[in-house]
Amino acid sequence: MFTYRPLRAGATALALAALLLGSTACGGTTRENSGNDTGGGAQASGAANPDAKLKEGLKIAFLPKQVNNPYFTTSDNGGKDAVTEIKGEFKEVGPSEASASSQVSYINTLSQQGMDVIVTSANDPNAICGALNQAKAAGAKIVTFDSDTKPECRQIFVNQVTAEGIAENQVKLISQQVGGEGEIAILSATANATNQNAWIALMKEELKKPEYSKLKLVTVAYGNDDDQKSFQETQGLLQSYPNLKGIISPTTVGVAAAARYLGGSQYKGKVKLTGLGTPNQMREYVKDGTVDAFALWNPADLGYLAAYAGAALASGQITGAEGDKFTAGKLGEFTVGKDGVVVLGPPTVFDKSNIDQFKF
């Protein structure tokens with residue numbers, strides 16, 4: 001049975017973007033919410049002070065992988081709610097395509113604008129590190145969420161769940177649905193996506209367990225978090241592997257596109273599909289029998305937690321060191337783990353029995 005707190009932050013993409021940044025022509029959009037402008041963020045150097053109050057007027061910017069992506073729209077709206085609670089200024093900017101270097105110009109502009117906190121989901125673990133390090137040197141605190149950079153490029157990474165938890169969940173779901181045997185495939189996002197690659201590597205390890213010995217992973221396809229390409233890749237998988245029994249798509253864009261293809265094809269109900277998706281986008285496919293079950297966390301909580309983590313950094317409550325503790329509003333207290341990682345919570349499985357309880 002689902003409980004709201006464990007579901008936490010999570011998954012699907014949308015992200016509105018919007019902010020025409022000065023004279024910089026970055027294809028995106030921008031949204032802004034102003035609070036009290038009472039100074040910039042504290043530089044949390046030295047020891048953390050858990051008793052420090054959150055500063056008002058903090059300038060917190062969200063930079064998702066891609067704007068106009070439903071998952072990031074939800075997560076960034078959660079971030080906006082948190083920034084409003086702490087009386088800060090919220091901005092959301094981002095590229096229209098999720099390419100490796102597309103976020104660099106936005107980071108540079110946000111740094112020039114004097115952001116106290118930059119919260120970003122990285123399209124590539126390395127491509128934006130130079131820009132993030134420059135932003136840190138200029139005084140910004142860097143929080144990654146959903147998809148990480150190299151640890152040295154940020155102070156905190158807000159992870160949806162542990163990578164091991166995702167891998168275990170996804171393999172277990174597909175195994176249950178295909179009866180524990182047969183050919184399966186993975187439909188991923190981009191080939192460079194940090195979180196996707198970590199999950200896939202661990203899924204491959206999970207499949208080595210004795211209980212999954214009759215499952216065979218035949219290939220990993222990439223839909224680039226693009227609806228049409230993911231749709232076409234699903235079609236290609238079924239043409240290339242006529243004995244395919246199941247698909248795992250750990251990306252909200254991919255799983256919805258795959259469900260749309262399967263739901264209108266001869267494979268509906270025959271080839272099983274699971275992955276990471278939102279209840280709103282997957283509801284019709286669960287109810288019509290295309291999909292038995294899928295998983296996710298609450299993306300709004302993910303953005304909400306990331307905003308509070310950034311505010312705690314900028315206010316000196318935490319430095320990003322292992323063992324630091326902070327309170328994230330309605331979600332309660334969190335502890336920073338190894339390498340500056342903060343974990344939201346385990347994924348929730350959605351099926352016909354509970355999907356109508358959720359509206360994101």
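Two strands count as paired if DSSP finds at least two bridges between them. Helices (H or I, at least four residues) and strands (E, at least two) are DSSP runs, numbered from the N terminus. Strand E7 (residues 182–188) and strand E9 (residues 244–249) meet that test: they pair in the parallel sense over four bridges.

## The model

This is a predicted model, in which local features need pLDDT of at least 70, side-chain atom pairs count only at pLDDT 80 or more, and totals for chains, interfaces and linings use all residues. Residues are numbered from 1 along each chain as its sequence is written, and side-chain values use heavy atoms, with hydrogens and water left out.

## The whole protein

The protein has ten helices and 15 strands. Of its 360 residues, 57% are buried. Buried means under 20% relative accessible area, exposed means over 50%, and partly exposed lies in between (1.4 Å probe, protein chains only).

The accessible surface comes to about 13600 Å². Carbon and sulfur atoms account for 47% of it. Such areas come from the Shrake-Rupley method with a 1.4 Å probe; for residues, only the protein chains shown count as cover. Contact means heavy atoms within 4.5 Å. Among contacts between residues at least 6 apart in sequence, 74% join residues at least 24 apart.

Strands of a sheet pair through backbone hydrogen bonds, either parallel or antiparallel. Here, four strands form an open sheet with parallel pairing, in the order E8-E7-E9-E10. Strand E8 (215–222) and strand E10 (272–275) stand at the edges. Each has a single partner strand, so one side of each is left without a neighbour in the sheet. The twist averages 20° from one strand to the next.

Which strands does helix H5 touch? Helix H5 (residues 163–178) packs on the sheet and touches E7, E8, E9 and E10. Its direction makes about 165° with that of E10. Helix H8 (residues 252–263) lies across E7, E9 and E10, and runs at about 165° to E10. For these angles, axes are lines fitted to C-alpha atoms, for helices over the stretch in contact, and angles run from 0 to 180 degrees between N-to-C directions.

## Strand E5 and its partners

Is strand E5 (141–145) enclosed or open? Five of its five residues are buried, so E5 is largely enclosed by the rest of the structure. Lys-141, Val-143 and Phe-145 point one way, while Ile-142 and Thr-144 point the other way.

E5 pairs in the parallel sense with strand E4 (residues 117–120) over four bridges. There, Val-117 has Lys-141 in E5 as its bridge partner. E5 also pairs in the parallel sense with E6, over three bridges. In that pairing, Val-143 stands opposite Ile-156 in E6.

E4, H4 and E5 make a right-handed β-α-β unit. A crossover is right-handed if, with the strands pointing away from the viewer, the path from the first strand over the helix to the second runs clockwise.

## The disulfide

A disulfide is a covalent bond between the sulfur atoms of two cysteines. The cut-off used here is a pair of cysteine sulfur atoms within 2.5 Å. The structure holds one disulfide. Cys-129 and Cys-153 form it, with their sulfur atoms 2.0 Å apart. The torsion about the S-S bond is about 100°, so the disulfide is right-handed.

Cys-129 lies in helix H4 (residues 129–137), and Cys-153 in the loop between strand E5 (141–145) and strand E6 (156–159), so the pair ties together parts that are 24 residues apart in sequence. Both cysteines are buried.

## Helix H9

In helix H9 (residues 279–287), the buried residues are Pro-279, Gln-281, Met-282, Arg-283, Tyr-285 and Val-286. They pack against H8, strand E11 (294–296) and strand E15 (348–350). After H9 comes Gly-289, with a positive phi near 90°.

## Two loop residues with positive phi

Lys-87 is not a glycine, yet its phi is positive, near 60°. Lys-87 is found in the loop between helix H2 (70–85) and strand E3 (89–92). It is partly exposed, at 44% relative accessibility.

Asp-146 is not a glycine either, and has a positive phi of about 70°. Asp-146 lies in the loop between E5 and E6. This residue is buried, with a relative accessible area of 4%.
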